[in-house]
Amino acid sequence: MGQSKGADKSAAARVQTLRSQIQAASYAYYVLDAPDLPDEVYDRLYRELQDLEAAHPDLITPDSPTQRVGETPAAQFTAVRHNIPLYSLENAFDLAEFRAWEDRWRRQAPEVSQVEYVTELKIDGNALALTYEHGLLVRGVTRGDGVSGEDITPNVRTIRSIPLRLVIDNPPAVVEVRGEAFLPLDVFETINADRVERGEARFANPRNAAAGTLRQLDSRIVAARRLDFFAYTVHLDQFDLAQMQSAPDQITTQWAALQFLQTLGFRVNPNRQLCQSATEVQAYFDQWATRRTQLQYLTDGVVVKLNDFALQQRLGFTQKFPRWAVALKYPAEEVPTILETVSFQVGRTGAVTPVAELRPVPLAGTTVARATLHNADRLAELDIHQGDTVIVRKAGEIIPEVVRVLGELRPEQAIKVTMPTACPQCGSALVRPDDGAVTRCINISCPAIVQGAIIHWARRDALDIEGLGEKWVKQLVDQGLVQSVADLYGLTVADLLPLERMGQKSAEKLVAAIAASKARPWASVLYGLGIRHVGAVNAKTLAQQFSRADALAAASPDEIETVHTIGPEIAQAVAQWFRVPAHQTLIERLQQAGLQLANPEAEQAQNAAAGPLAGKTLVLTGTLPTLTRPQASALIEAAGGKVTSSVSQATDYLVAGDKAGSKLTKAEGLGIAVLSEADLLTLVEST
C-alpha cells in the first residue's frame with residue numbers, strides 16, 4: 001500500500017509539472033504569438049499528461065489543459081463569445097491511431113456499414129469565425145480559447161479571399177462560416193526578406209506570422225501582408241435554405257457544405273476528396289505526404305470527417321473534441337540534432353551567411369546535414385555554441401534552418417560561435433552597415449563573389465549560357481581564367497581544354513554558347529549583372545523605361561524611382577552600382593564584346609509615346625489617295641496612335657478616303673473628327 005501511495009504522489013508531482021509546462025507554452029503560443037516549444041515536444045507533453053490523468057482520474061481538475069480548448073484571448077482586443085464553440089480536433093499521429101479512432105465511433109454506431117469520409121488538408125494557419133447578417137460580413141473573430149475569441153473585423157475585411165458580401169440572392173438572416181487564415185509561402189518569404197533588410201527579426205514560421213498579422217492594430221499592415229483564407233465549415237441551423245435562390249433545399253453532408261461554401265463566394269481548398277473507406281483515406285494521406293511540399297501553403301496533416309451530418313449529430317462531442325472528426329498528422333517537421341561546426345558562405349553579393357554543419361538527421365522526407373543560421377543577429381539571438389543540441393526545421397518546407405538551441409543540453413566548455421571579421425575566402429575585412437543585418441565582403445575580386453556572379457550570369461533567365469555549370473565556373477575562377485563575367489567573352493577552346501574532364505567537343509560547345517549569349521536582350525543583361533534587389537521582373541521593367549545602359553547609368557535615384565513598381569531601395573541600389581568605377585569598366589567591356597546594352601523596341605515605343613498621336617484611337621475607312629491601309633496604320637502607330645477596326649465613342653479620329661461607307665456615317669453621327677490623308681500627314685508631322 002505504501003508503494004501505491006508513493007506512486008500516486010509521484011504521478012501527482014509529474015502532472016503538476018506537465019500542466020505548468022503546457023500552460024506556459026500555450027500562453028506563449030496563443031497570447032504572445034511567440035511559441036517556445038517545438039510542436040512535437042508540446043504534443044509529447046500533452047499526451048503524457050492525458051495518459052497520467054487517464055490512469056489517475058482523481059488527479060483531473062477543471063483547470064487542467066486537457067479540460068479546455070486553449071488559452072484566453074489577448075487583452076488588447078474586444079473579447080467576443082462564439083455563438084457556436086470552435087472545438088479543436090483529436091490528433092492521430094499514425095494510421096494505427098486513426099484506426100483506433102474509427103473503432104471508437106463505430107462502437108457508438110454499430111449499425112452503420114457503409115460510410116463516407118471527407119478528407120481535407122489541414123492548413124497550418126489560424127482559425128477564424130465569420131458572421132454574416134443579411135449577406136454582409138459583420139464580424140470576424142479569432143478562435144481564442146474556443147469559447148470566446150478576439151474581434152478583429154477590420155483586419156478580416158482586408159483578406160481578399162473573404163467576401164464582404166455573400167454572392168447569392170436573398171441571403172439568410174445569419175450565416176456562420178469557419179475557416180483558416182494563412183500566409184502563402186512566397187508572401188511569407190517576402191515579408192521575412194523585408195524584415196531582415198530592415199534589421200528586424202524573422203518570423204519563425206508562416207503560422208506565427210499570420211497570427212501576428214491578424215492581431216495588428218493597424219489594418220493597413222494586415223492588408224499589405226496579403227493573408228489568404230480557406231473556408232471549411234458553414235453552420236446551417238440558423239437559416240432557411242428554402243428561401244435562397246440557387247441553393248439546395250437542404251444540406252446533409254460535409255461534401256455538400258463545402259460545395260455550398262463555394263456558392264456563397266468562399267475559397268474552398270480544391271485538394272479535398274470524398275472517400276468510401278478508411279483504405280481510401282490512407283491512400284489520400286500517403287499521396288499528400290510528399291505532394292504537400294509543392295503547395296504554396298503549409299499543411300501538417302489531413303482532417304478526416306464523417307460526411308453524414310446526421311451521423312455527426314448522433315456521435316456528438318467530448319468535452320474537447322468532436323467524435324466525428326480527427327486530424328491525421330504527418331511526422332514532425334522539426335527535429336533535434338547536434339551542431340558539429342559552423343561554416344561561413346560568401347554569396348555573389350558578398351553577403352556572408354553562417355551555415356550549421358549538423359549531424360545528419362531525417363526531416364520531411366530528406367536527410368538534412370546543413371541548415372542556415374541567417375546572419376550575425378540570428379547567431380547572437382540563438383546564443384549558439386559548438387556541440388549544441390539544436391532544433392531544425394524546413395523553412396517553407398524547403399530550406400533547413402535552425403530555430404532553437406536546447407541550452408540545457410550544452411556540453412561543458414562549449415565555444416560560442418561568432419561572425420568572423422575577415423572574409424573566409426579572400427581575407428578582406430568584412431563590413432556591416434549600421435542599419436543593416438547582413439555582413440559583407442566588399443572586395444569585388446573575392447573568388448567567391450566572382451564565382452557567384454558568373455553562375456548568376458549564366459542562368460537561364462539571365463544570359464542563358466548552356467553548359468556553364470558550377471563545376472566549370474569554379475575551375476575557371478580557381479585557375480585565374482576569368483575574374484569577371486566580361487572575361488568569359490575572351491575564352492577560346494585552347495583556354496578550356498586544360499580544365500579537368502573538358503574535351504574538344506565540350507570546349508567548342510561552351511565557347512559557342514558563350515558567343516550565342518551576346519544576342520540576349522538588354523533586360524537579360526541587366527538582370528545578369530546581379531545588382532542587389534533587381535530580379536528578372538524588375539530588370540525587364542527598368543530596361544523598358546531606360547532603353548539604353550548609358551541612360552540608366554546616368555539616371556539619379558529619384559529618376560529611377562519614378563518607374564512604376566521601383567521603390568527607393570531598388571533605385572538607390574541601381575544608382576550606386578553604376579557609380580562604382582569597376583562596374584563602369586565592366587559595362588564598357590561588355591559593350592566592346594558585342595552584348596546587347598540597348599532595347600530598340602523600347603526606344604521606338606518611347607518615341608511613339610511622345611508622338612503627336614500618343615493616346616489617340618483612329619479608324620481607317622475607304623481608299624486613301626497615296627497610302628495603303630498597312631502604310632497608314634504603321635504611320636499612325638509610329639506617331640503613338642492606335643488603329644482599331646470599328647467606330648465607337650472611344651474613337652478620336654476617322655481617316656476617310658474614297659467610298660468611306662457606313663463608318664463615315666456613324667462617325668459623323670457621333671461627332672467624331674474626320675480626317676483626310678492630308679490631314680493625317682499634317683498631324684503626324686506636327687511636333
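Predicted model: local features only at pLDDT ≥ 70, side-chain atom pairs only at ≥ 80, totals over all residues.
**Overall make-up**

The protein chain has 25 helices and 22 strands. Of its 687 residues, 48% are buried. The exposed surface comes to about 33700 Å². Carbon and sulfur atoms supply 51% of that area.

**Nonpolar cores**

The largest nonpolar core holds 54 residues. Trp457, Ile465, Leu468, Leu488 and Ile560 touch the most other members. Several helices supply at least two residues each to this core, including H12 (447–457), H13 (470–478), H15 (504–516) and H21 (581–593). Helix H20 (568–579) is also one of them. H20 gives the most, with six residues.

Trp457 shows how this region is put together. Beyond its neighbours within four places in sequence, Trp457 is in contact with residues that include Ala462, Ile465, Val485, Leu488, Tyr489 and Val525. Among its other contacts are Gly528, Leu529, Leu590 and Leu595.

Another core, of 36 residues, lies apart from the largest one. Leu130, Ile152, Val156 and Val187 are among its members.

**Salt bridges**

Side chains of opposite charge can pair when their charged atoms come close. The whole structure has 27 salt bridges. Three of them are set out here.

| Salt bridge | Closest N and O atoms |
|---|---|
| Glu120 and Lys305 | 3.6 Å |
| Arg393 and Glu334 | 3.2 Å |
| Glu401 and Arg393 | 3.0 Å |

Take the bridge between Glu120 and Lys305. Glu120 lies in strand E3 (residues 117–123) and Lys305 in strand E10 (residues 299–306), so the pair ties together parts that are 185 residues apart in sequence. Glu120 is buried, at 8% relative accessible area. Lys305 is buried as well, at 7%.

Arg393 bridges to Glu334 and also to Glu401. Strand E15 (residues 389–395) holds Arg393, and strand E12 (residues 334–346) holds Glu334; the Arg393 and Glu334 pair therefore ties together parts that are 59 residues apart in sequence. What is the relative accessibility of Arg393? Arg393 has a value of 8% and counts as buried. Glu334 counts as buried at 16%. Glu401 is buried too, with a relative accessible area of 5%.

Elsewhere, Asp383, Asp388, Arg410 and Lys416 form one network, joined by salt bridges that share partners.

Technical notes
Residues numbered from 1 in each chain as written. Heavy atoms only, no water. Helix = DSSP H or I, 4+ residues; strand = E, 2+ residues; numbered from the N terminus. Buried < 20%, exposed > 50% of the residue type's maximum accessible area, 1.4 Å probe, protein only. Areas by Shrake-Rupley, 256 points an atom, 1.4 Å probe, with all protein chains shown as cover. Core = buried A, V, L, I, M, F, W, Y, C linked by side-chain atoms within 4.5 Å. Contact = heavy atoms within 4.5 Å. Salt bridge = Lys/Arg side-chain N within 4 Å of Asp/Glu carboxyl O.
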